[in-house]
Every structure is written in C-alpha cells, then in structure tokens.
Amino acid sequence: MRTEDNCPLAVVYARVSSKKQVSEGHGLSSQDTRCREHAAYRGYDVVATFTDDITGSSTLRKGMTEMLAFLRKHRGKKPIVIIDDISRLGRSRSAYWELRGAITDVGAVLESPNTTFGDDAESDFREGISVEFAQLERRKNADRTKHRMRSRAMNGYYVLSAPKGYRYERVAGHGKMLVPHEPFASIVKEALEGYASGRFETLVEVKRFLERQPAWPKDKKGEVPQERVTEIFSRPIYAGHITIENFDLHLVPGKHKALVTLDTWLKVQSRQKGSAKAPTRKDLNADFPLRGFVTCADCGKPYTACWSKGRSATYPYYTCDTRGCTSYRKSVRRELIEGEFEEILFALRPSEGLFNLAFKMFSDLWEAKAASVQNQAAHLRLELSATGKKIDQLLERIVEATSVSVIAAYERKVTELETQKAVLADRIANSGKPLRTFRDTYRTAFDFLGNPSKLWASPRIEDRRAVLKLVFAEKLPYARGEGYRTAKISTPFKMLEGINMSEKEMVPPAGLEPARLATEDFESSASTIPPEGHGKGL
C-alpha cells in the first residue's frame with residue numbers, strides 16, 4: 001500500500017481473548033474503529049490492521065508476529081502502532097513489557113487514545129500503573145470465573161470441555177448441560193461395561209474395540225491412541241459424577257445422564273490394577289486361538305505356536321519356547337491340543353434337567369432380589385447417613401489436629417468415605433425396578449451356558465478368545481503325552497456342576513436350545529451369540 005510522503009504510516013493492533021468473542025461479539029471491529037478515529041485526528045495513514053484472539057497473558061501471537069515482520073520492512077518510516085488500550089497489548093506484566101520492547105526494537109512508536117506514552121519519568125510511572133491495573137483486572141476476572149465455575153460444578157453441572165460421548169445442549173431449567181452424544185455414548189458405555197465385566201481383559205483390547213467402531217475418531221494410521229482409552233477410563237463423569245481436582249471437587253453427583261453406574265466405574269478402576277487372564281496379543285490369529293492361554297505343564301509358561309515346513313506342506317504346532325524347560329522346543333500337534341480342548345468344552349455342557357433347574361433357580365433368585373429392593377434401599381439410606389456422620393467427625397478432628405501427617409491421614413480417610421458415600425447414593429438412586437426383564441438380561445448368558453462349544457465354533461478369533469475368558473478361571477496347563485491337567489472353570493459353570501451332581505447326564509449332541517427352558521413364554525433371540533456383547537449376563 002502506498003502513503004503520501006508527508007503522512008505518517010500507522011498500523012492498528014486489536015486483540016480479544018477468545019475465538020468466541022470474535023464470532024459473537026464486536027470487540028475487534030470496535031477497537032479498529034476507535035484506533036482509526038485516533039489516526040484520522042492525528043493525520044496518520046492506517047495501512048493495515050493486525051488482530052489476535054488469544055489471552056492477554058500470552059506473547060505467542062500470530063497477529064503480533066505478522067505485525068512485527070511488517071514493521072521491520074518499514075523501519076525507516078518510523079511507523080506508529082495504535083492500540084485501543086494498554087490491556088489489548090498485554091494483561092500480564094511480563095507479556096506487556098516483552099511486546100512493548102519488541103515494538104520499540106523494530107523502530108515503531110506506540111500510541112493509544114487512552115494513554116499518553118513518553119520518555120519522561122512521570123509518563124513511565126503512569127504506563128507502569130496502567131499495566132499493573134490490567135494485570136490486576138485479569139487476575140480478578142480469572143478468580144471470578146473460577147468461583148462461578150466451581151459453584152456451578154458443585155450444583156451438579158459439568159463446566160469443562162465435553163468429554164467424548166457427551167455434548168453441551170441448552171436444556172430448559174438447566175442452561176447448557178451435558179447430554180449423551182450418539183453413537184459415541186453407546187460406544188463408551190459398552191467399553192466401560194465390557195472392561196468391568198471381564199469381556200475385555202486389557203486396555204489394549206478396549207483400544208482395538210474402539211478401532212473397530214467406524215464412527216470413533218482415529219489418527220492418521222487408523223488407530224486410537226492408548227492415552228485416549230486411559231483418559232476415558234479415568235473420568236467419573238461417565239458414571240454421573242463430577243471430579244475436578246483444581247476445584248477440589250470429588251465425586252459430586254451430576255445432573256447429567258450417566259452412561260454407567262458408579263459401581264461399574266469403580267470396578268473399572270479396580271480391574272486396571274489387576275492382571276489379564278487371557279490377554280490379547282499382537283501375534284494372535286485364527287490359526288492358533290489357544291496361543292498364550294494354554295501353558296506348559298513342566299514350566300508353567302504359555303505355549304507359543306508356529307507353522308512347521310515339511311517336504312510338501314506346512315503343519316501347525318504348539319510348542320514350549322522356554323529355555324531350560326524339559327519340553328523346550330518340543331511340539332504338540334494343533335489338532336491334538338485343540339481337539340482335547342473341545343472335549344473339555346463338550347463335557348461342560350449340563351444335562352437338560354440340570355440346565356432347566358439352574359434356570360429356575362436363577363429366576364427365583366431374580367424375583368426374590370426384586371422383592372427385597374425396598375428393604376435394601378432403606379438399609380442403604382441408613383448406611384449413607386452413618387457415613388455422612390463419620391465424615392463430619394473426621395472434619396472436626398482435622399480442624400483440631402496440629403500434626404501435618406495426622407491431617408493428611410484424616411484427609412485420605414475423608415476422601416475414601418466421600419467415595420463410599422457417592423457409591424451408596426448411586427445405589428439408592430438406581431434401586432428399584434430392573435431396566436430389563438430376567439429373560440432379556442440372561443437370554444444370551446444361558447444360551448452360552450447351555451453350549452459353550454457353539455461360540456468356540458465361530459470363525460472369529462474374538463469369539464474364541466471370549467470362550468477362554470468366560471469358561472475358565474485360570475490358564476490351562478497341558479502336558480505332552482498326557483493331556484490337560486485339571487481345569488479350573490469359572491463360577492457360573494462351577495455352580496451348574498454343584499447344583500445337583502446326581503442329575504448330571506450327557507446332553508444330546510445338538511446341545512440345549514433356549515426354547516426348551518423351564519418357562520413356556522421364553523423365546524430365544526437367536527441361536528448364536530451376538531458378535532459384540534456375548535456373555536454380558538455372566
């Protein structure tokens with residue numbers, strides 16, 4: 001742009017604190033208008049306006065960088081930088097003086113309609129006072145914002161960025177609050193409940209589950225960062241509670257809809273500290289579904305597997321790869337080790353009479369549990385009241401205590417009791433009529449219990465690994481030439497074994513069909529286990 005030789009060159013610098021102020025307000029335009037009025041009064045030729053939408057405490061600004069580069073090119077003309085107010089240049093002492101010095105270093109002069117800049121002591125003093133007032137106002141604004149946010153969070157409204165699975169919407173009587181955002185909410189719910197129940201043994205399995213969801217965001221490699229899974233699993237917001245460490249808030253009951261119960265979320269926290277029984281490995285494939293789960297009876301280490309090349313073909317083997325073991329590098333044919341495993345599964349199928357008896361027992365237990373809900377709710381309320389009294393007593397002791405270590409111990413105990421109190425309140429809120437009927441809840445589970453071999457026959461490696469997790473309590477030891485050692489089965493199958501030992505019979509080769517269960521109106525939803533969600537009732 002060209003200017004008259006006798007007309008000083010000037011630029012305008014304007015700043016607001018956020019992009020929202022740019023889209024919803026008129027801060028930048030009003031600053032530009034006021035600065036241009038000042039330039040017209042002084043006879044300056046404004047050739048450019050530079051803007052930023054960033055906090056006044058930061059010096060890393062795109063608009064400021066572009067302006068300084070422009071001023072360097074016109075250093076010989078002694079350009080003038082016009083700002084509406086000192087606070088537009090910086091709202092912190094350090095940021096202001098750093099940017100003020102940068103403008104001076106490129107040969108420019110700073111002016112403002114509100115402030116007179118000069119080289120004398122009095123002008124420097126007035127400028128310094130204005131800078132301190134700008135910093136004070138920023139700190140006061142920050143404190144006011146924090147107090148308002150904390151108060152709203154204490155009332156049960158989340159105030160930070162919406163986590164994945166939620167979004168903010170205006171709700172009558174509540175203002176902006178979190179609401180479930182589909183399909184992400186359902187995906188997060190399935191991930192949390194799946195990990196809590198043992199369907200997913202490790203966070204890596206949860207990661208792979210998320211990667212199989214088309215709607216879930218992924219990186220350029222098509223993967224979900226492990227940190228994203230850890231972040232999701234560490235946030236009680238999904239259990240309907242708010243924890244914000246900076247506000248000193250812990251498990252405050254939220255007004256938003258929970259995706260899972262607090263009990264489920266706490267199980268997730270507990271399971272993260274445990275170890276996997278049948279973890280997913282990167283080298284697992286459909287060729288060797290027992291890899292990593294069957295162990296060598298001699299050394300206790302998991303078998304590995306491989307294809308061995310013969311004269312005219314390749315042959316599958318399981319083998320122990322532990323140095324020093326008596327079975328080191330000695331192989332077992334795949335058809336042998338997997339065939340004997342299938343015999344174990346076949347033997348676990350209960351007789352029809354025993355199966356129907358178990359179904360009836362579970363049904364009666366369900367009804368009895370439903371009938372006792374009111375008594376349980378009353379007991380939980382008493383326990384909640386007692387927990388609240390314990391917290392009050394500890395708080396009184398904290399006030400009276402003088403030892404730092406004693407105060408810290410009391411505070412840890414208060415945190416534990418606050419968690420317990422939140423769990424009790426959550427259980428009371430969720431006590432009542434079940435969300436689903438007994439048949440809907442246990443249909444898939446009983447289908448699986450009646451014939452676990454059906455799921456093992458699936459071509460999907462995920463289904464076969466699910467059988468290992470749901471049927472067995474520990475890994476299976478296998479001895480070459482002898483076969484499997486005694487298998488430790490999971491609780492549901494152990495219960496079926498112990499209901500009535502005298503009634504155990506071989507079942508028909510086809511297994512048991514849900515339509516033959518003890519209730520006439522029981523209907524099976526399908527003859528196969530759903531791809532995702534098998535065994536949720538266990």
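## Basis of the Model

Contact means heavy atoms within 4.5 Å. The structure is a predicted model, in which local features need pLDDT of at least 70 and side-chain atom pairs count only at pLDDT 80 or more, while totals for chains, interfaces and linings use all residues. Residues are numbered from 1 along each chain as its sequence is written, and side-chain values use heavy atoms, with hydrogens and water left out.

## Overall Composition

The protein contains 18 helices and 14 strands; helices (H or I, at least four residues) and strands (E, at least two) are DSSP runs, numbered from the N terminus. Of its 538 residues, 41% are buried, where buried means under 20% relative accessible area, exposed over 50% and partly exposed in between (1.4 Å probe, protein chains only).

The accessible surface comes to about 30,000 Å², of which 51% belongs to carbon and sulfur atoms. Accessible areas come from the Shrake-Rupley method with a 1.4 Å probe, and for residues only the protein chains shown count as cover. Among contacts with a separation of 6 or more, 65% are accounted for by residues 24 or more positions apart.

## Buried Positions

Thr 387 belongs to helix α13 (residues 373–400) and is buried, with a relative accessible area of 2%. Leaving aside neighbours within four places in sequence, Thr 387 is in contact with Leu 417, Gln 420, Lys 421 and Leu 424.

Ala 14, in strand β1 (residues 9–16), is buried with a relative accessible area of 1%. The C-alpha atoms of Ala 14 and Thr 51 are separated by 4.9 Å, although the two residues are 37 residues apart along the chain. With neighbours within four places in sequence again left aside, the contacts of Ala 14 are Leu 28, Gln 31, Phe 50, Thr 51 and Asp 52.

## Helix Packing

Two packed helices are described by the angle between their axes and the distance between the axes. Axes are lines fitted to C-alpha atoms, for helices over the stretch in contact, and angles run from 0 to 180 degrees between N-to-C directions. Angles under 35 degrees count as roughly parallel, over 145 as roughly antiparallel, 65 to 115 as roughly perpendicular and the rest as oblique.

The axes of helix α8 (residues 203–211) and helix α9 (residues 226–233) come within 9 Å and cross at roughly 105 degrees, so α8 and α9 are roughly perpendicular to each other. Leu 203, Val 204, Val 206, Lys 207 and Leu 210 of α8 make the contact with Gln 226, Val 229, Thr 230 and Phe 233 of α9. Helix α5 (residues 93–105) packs against α6 at an angle of about 135 degrees, with the axes 9 Å apart; α5 and α6 are therefore oblique to each other. Here Arg 93, Tyr 96, Trp 97 and Arg 100 in α5 meet Glu 127, Gly 128, Val 131, Glu 132 and Gln 135 in α6.

## Backbone Features

The peptide bond from Glu 182 to Pro 183 is cis, with omega near 5 degrees, and Pro 183 lies in the loop between β6 (175–180) and α7 (184–197).

Lys 78, a residue other than glycine, has a positive phi near 50 degrees. Lys 78 is located in the loop between α3 (62–73) and β3 (80–83) and is exposed, with a relative accessible area of 62%. Leu 251 is not a glycine either, yet its phi is positive at about 55 degrees. Leu 251 lies in strand β8 (residues 249–253) and is buried, with a relative accessible area of 6%.
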